[in-house]
Amino acid sequence: MSLSPIKLVAIAIFVTAVLAACEPSSDPSGDVGAGPVQGDAERIVIDDRLFEPNTLELTPGEEVTIEIVNNDGGPHDFAIDAIDLNTGTIESGETASARFTVPEGTTQFRCTYHDGMDGRIEPR
């Protein structure tokens, strides 16, 4: 049985779409960037699907910069849903940054790719 060129193209498009849907990705939002931070920053390292540290003590109302280093074997991101901030995808071995004003109260951050990979910002 031979497939027509139209059917072959349709199959190729379908397979490409399925594979693309399986690759994690997220879109950047907020004041974020790629690469190491120049100057003062809090630092979070991603390793073994964990944020280290997973708790940051920061002063509410203060503007801070967080440097996020991905030392894990796969892609991750750093997101704070309460302030619509997301670094976008941080590939293995890459570094990203996020600058924001610290919200009042305890605020969660997370990796949107992995359930349970989260941390929190506690008021200082």
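Contact here means heavy atoms within 4.5 Å. Not counting residues up to four places away in sequence, isoleucine 44 touches Phe51, Glu52, Pro53, Leu56, Ile66, Glu67, Ile68, Val69, Phe78 and Phe109. Isoleucine 44 lies in strand E2. Strands (E, at least two residues) and helices (H or I, at least four) are DSSP runs, numbered from the N terminus. Isoleucine 44 has a relative accessible area of 0%, so it counts as buried. Buried means under 20% relative accessible area, exposed means over 50%, and partly exposed lies in between (1.4 Å probe, protein chains only). Threonine 95 is 51 residues from isoleucine 44 in sequence, and their C-alpha atoms are 9.9 Å apart.

A word on the source. This is a predicted model, in which local features need pLDDT of at least 70 and side-chain atom pairs count only at pLDDT 80 or more, while totals for chains, interfaces and linings use all residues. Residues are numbered from 1 along each chain as its sequence is written, and side-chain values use heavy atoms, with hydrogens and water left out.

Now the whole chain. The protein chain holds one helix and 10 strands. Of the 124 residues, 33% count as buried. Among contacts with a separation of 6 or more, 65% are between residues 24 or more positions apart. The accessible surface comes to about 7600 Å², and carbon and sulfur atoms account for 51% of it. These areas come from the Shrake-Rupley method with a 1.4 Å probe; for residues, only the protein chains shown count as cover.

Next, the sheet. Five strands form an open sheet with mixed pairing, in the order E1-E8-E5-E2-E3. Two strands pair if DSSP finds at least two bridges between them. Strand E1 (31-34) and strand E3 (50-52) stand at the edges; each has a single partner strand, so one side of each is left without a neighbour in the sheet. From one strand to the next, the twist averages 25°. The angles behind such values run from 0 to 180 degrees between N-to-C directions, with axes as lines fitted to C-alpha atoms, for helices over the stretch in contact.

Follow the pairings across. E5 and E8 run antiparallel and are joined by seven bridges. Isoleucine 66 has alanine 98 as its bridge partner in E8. E2 and E5 run parallel, joined by five bridges. Isoleucine 46 has asparagine 70 as its bridge partner in E5. In E3, the bridge partner of isoleucine 46 is phenylalanine 51. E2 and E3 pair in the antiparallel sense over three bridges. They form a hairpin with two residues between them, and aspartate 48 in the turn has a positive phi of about 55°.

Turn to the core. A nonpolar core is a set of buried Ala, Val, Leu, Ile, Met, Phe, Trp, Tyr and Cys residues joined through side-chain atoms within 4.5 Å. The largest one has 21 residues; Phe51, Ile66, Phe78, Phe100, Phe109 and Ile121 touch the most other members. Strands E2 (42-47), E4 (55-58), E5 (63-70) and E8 (95-101) each supply at least two residues of this core. Phenylalanine 100 touches Glu62, Glu63, Val64, Ile66, Ile80, Ile83, Leu85 and Ile121, not counting residues up to four places away in sequence.

Last, the charges. Side chains of opposite charge can pair when their charged atoms come close. The whole structure has four salt bridges, each a side-chain nitrogen of Lys or Arg within 4 Å of a carboxyl oxygen of Asp or Glu. In one, glutamate 67 meets arginine 43, with the closest N and O atoms 3.7 Å apart. Glutamate 67 counts as buried at 11% relative accessibility, whereas arginine 43 is partly exposed at 48%.

Another joins arginine 99 and glutamate 63 (2.6 Å, N to O). Arginine 99 lies in strand E8 and glutamate 63 in strand E5, so the pair ties together parts 36 residues apart in sequence. Arginine 99 is partly exposed at 37% relative accessible area, and glutamate 63 is partly exposed at 46%.
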